[in-house]
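Me: Please take a close look at one part of this structure, a pocket and what lines it, and then go on to the surroundings in the rest of the chain.

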Amino acid sequence: MTTDVDGDTTELSRPARRQAEIAAYVVKHGSVSANDLVEAFGVSVMTVHRDLDELERQGVVRKYRGGVSAQPTSVFESNVAYRLNTAHAEKAAIARHARAMIEPGMSVMLDDSTSALALVDLFEDITPLTVATNFLPAITKLAQLRDITLLALGGIYSATHDSFGGMPCAEAVEALHTDLLFCSVSAVSSTHAFHQEEEIVLVKRAMLRSARTKVLLVDHAKLQRTALHRLAPLTDFDVVIVDEKTPKNLIDPLRDHGATVEVAEL
């Protein structure tokens, strides 16, 4: 082990620092090959695979033959770092549209989606509000706002999602009844909302039962897809908000099956 002039143990920190850089690289590019990483970081194939094994263990990436991905599949949900770096304009537009539904004095529940997180930046001028959420980034932001009564929904912490879940969280949710729920999912067919993970579905279903008005926020990339677990019919949501990049031939089937769909302008 070596020590630099500031007294830091550089030998111990170097692998962790490289892994963080590799994670950021994969998140930025979505999917890359192991050879891409060897070239980009100037390390051996063995070192790359060792780093990827650790990042997969942490839930940051998903390895496949010949490469690695941060993108979701029907059974794998993306790490929160990847989700925070996708569809910024679409999520912001959907949040602006959804904001019109909120009035001062209301109680609002947010799930652990980055789509719902985009709403938090719009809360400052519609306070006072009572806001309940299990998403740690939302909790951190809300704690800085004045005239917000924050209900932090605890449970089993997931580093992959940076949120709390499991039965303890579901039970905390079911003790509430809010005016509004804003939530999202990773996949939407013409009739149903889906998610890859049973634990996430458990909490989202509790949220659906615990809100008077339920709003689904989905950018166009999530449409015409399915995932392992079916969350709920789209008709269980009072409103489904999509962004204006969503093709008409994807919106029409949602409406044909009874969903109320509103389109947010970018």
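Reply: The part to begin with is the second largest pocket, where α5 provides the largest share of the lining, four residues. The model is a predicted one, and every value below is computed from it.

The volume of this second largest pocket is about 210 Å³. Its lining has 13 residues, and those closest to the centre are His-88, Lys-91, Thr-114, Ala-118 and Asp-121. Two elements, α5 (88-99) and α6 (114-120), each give two or more residues to this lining. Sorted by class, the lining of the second largest pocket holds six nonpolar, three polar and four charged residues.

To place this within the chain, look at the domains. Domain 1 covers 14-71 and domain 2 covers 87-264. The centres of the two domains, taken over C-alpha atoms, are 31 Å apart.

Pro-128 sits in the loop between α6 and β5 (129-133). The peptide bond that leads from Thr-127 to Pro-128 is cis, and its omega is near 5°. Asp-147 is not a glycine, yet its phi is positive, near 60°.

Around it are Asp-111, Asp-112, Asn-134, Phe-164, Gly-165, Ile-200, Val-203, Lys-204 and Met-207. Both β8 (163-165) and α9 supply at least two residues of the lining, and α9 gives the most, with four. By class, the cavity lining consists of four nonpolar, two polar and three charged residues.

Helix α9 also packs against another helix. The axes of α8 (residues 166-174) and α9 (residues 198-209) come within 8 Å of each other and cross at roughly 5°. Angles under 35 degrees count as roughly parallel, and α8 and α9 are therefore roughly parallel to each other. On the α8 side, the contact is made by Gly-166, Met-167, Cys-169, Ala-170, Val-173 and Glu-174. On the α9 side, the residues are Glu-199, Leu-202, Val-203, Ala-206, Met-207 and Arg-209. This contact of α8 with α9 includes eight nonpolar, one polar and three charged residues.

Another helix pair is α2 (residues 34-41) with α3 (residues 45-57), whose axes come within 9 Å and cross at roughly 110°. An angle of 65 to 115 degrees counts as roughly perpendicular, so α2 and α3 are roughly perpendicular to each other. In this contact, α2 contributes Ala-34, Asn-35, Leu-37 and Val-38, while α3 contributes Val-45, Val-48, His-49 and Leu-52. By class, the contact of α2 with α3 has six nonpolar residues, two polar and no charged ones.

Terms used:
Residues numbered from 1 in each chain as written. Predicted model: local features only at pLDDT ≥ 70, side-chain atom pairs only at ≥ 80, totals over all residues. Heavy atoms only, no water. 1 Å grid on protein atoms, 1.4 Å probe; cavity = no way out; pocket = protein on both sides within 12 Å on 5 of 7 lines; lining within 4 Å. Points joined across faces, edges and corners; volume = space filled by probe spheres on them. Nonpolar A, V, L, I, M, F, W, Y, C, P; charged D, E, K, R; others polar. Domains from an automatic or database assignment. Axes fitted to C-alpha atoms, helices over the stretch in contact; angles between N-to-C directions. Parallel < 35°, antiparallel > 145°, perpendicular 65-115°, else oblique. Contact = heavy atoms within 4.5 Å.
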